[in-house]
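Biologist: Can we go through this one together? I have a few questions about it.
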Amino acid sequence: MRSRWGLLALWVIGAIWMAGIPAAAAEKSKAEVLGAACEHLVEVLNEKDLTALFGMMEKMKDAGLSWNKELTLPVSGIVACKTPEELYVLWGMYAMDMTYAHLFGKGFEDIVAARVELEDRIGFPRDAFKKPVPESDREEKKNKSIEMIHEMIRQSQENPVLLHTFVGGFYGSTLELFYLFCSLGLAAGVTDQVTDLINSHIPQLDLTYQILDAYGENGELAQLLDVGGRKAVIQSIMDVVKASLGNVREEDLQKVLSIVEPVRAPLKAPCQ
């Protein structure tokens, strides 16, 4: 009898103890996470901060960096064999190469053609975002770019292609940006201006991480959008840059390249 009551007492004590532990929060639905991510990302990717970020590209010239076509991605022979996940990242990398070319007054029609081929393969609704802007009107181009980002975020709640292109593309553009900065910085020499250029783009790393993290409360979305450990890659770059804040050295740029190049290499590899 004593044994039975002892067991009952242990069961009651265990039940009381377990009742005091908060239940694990139920995973949010995809719709809930997509809606919350949209609201958050439109807020953090606001016009003021994006305008400031776009303007910082001008610091490439102030830092004494120059145009080097060989650093940009190949414009032919690399798209046809890539997976959709790789193409989403390439979409953003090509966008950064276009920005780099435009900044130094170089033509980029070949990059545009490569991106059109890419968009056709992923089913990107290009016509929905086609708003011609005079080539010389940089202010209007900037405004249209911000509008496009916000519209992609909103439409991504219903359109998986836009969701993947937005997330993968922002990730890709950030990787390409730091690839260019570090490659050009090593070639030109690490000056105070190069250090300022790198440090001023820490917000882009933070934004990229926030974008990748915004979908983490739904397991399926998190797995789909953090493919290949994207968050870990961005975190590794942030760790290097923030650790050397105010005192960027050649070895810091080399460390960043050692993180970016293994991701970039298979994306630029020619199709067999």
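Biologist: Is Glu251 buried, exposed or partly exposed?
Modeller: This is a predicted model, and in it Glu251 counts as partly exposed, at 37% relative accessibility.

Biologist: Which residue does the side chain of Glu251 meet in a salt bridge?
Modeller: Arg249, at 3.6 Å from N to O. Arg249 is partly exposed too, with a relative accessibility of 36%.

Biologist: How many salt bridges does the count come to?
Modeller: The count is 13. One of them pairs Asp196 with Lys59, at 3.2 Å from N to O. Asp196 is in helix α9 and Lys59 in helix α4, so this pair ties together parts that are 137 residues apart in sequence.

Biologist: Changing topic: how many residues are in the largest nonpolar core?
Modeller: It has 80 residues. Among those with the most contacts inside it are Leu41, Phe166 and Tyr215. Helix α8 (residues 160–188) gives the most to this core, with 14 residues.

Biologist: Why would nonpolar side chains be together like that?
Modeller: In soluble globular proteins, nonpolar side chains tend to be buried together.

Biologist: What is Phe166 in contact with, leaving aside neighbours within four places in sequence?
Modeller: Leu41, Leu45, Ile149, Met152, Ile153, Ile211 and Tyr215.

Conventions
Residues numbered from 1 in each chain as written. Predicted model: local features only at pLDDT ≥ 70, side-chain atom pairs only at ≥ 80, totals over all residues. Heavy atoms only, no water. Core = buried A, V, L, I, M, F, W, Y, C linked by side-chain atoms within 4.5 Å. Buried < 20%, exposed > 50% of the residue type's maximum accessible area, 1.4 Å probe, protein only. Helix = DSSP H or I, 4+ residues; strand = E, 2+ residues; numbered from the N terminus. Contact = heavy atoms within 4.5 Å. Salt bridge = Lys/Arg side-chain N within 4 Å of Asp/Glu carboxyl O.
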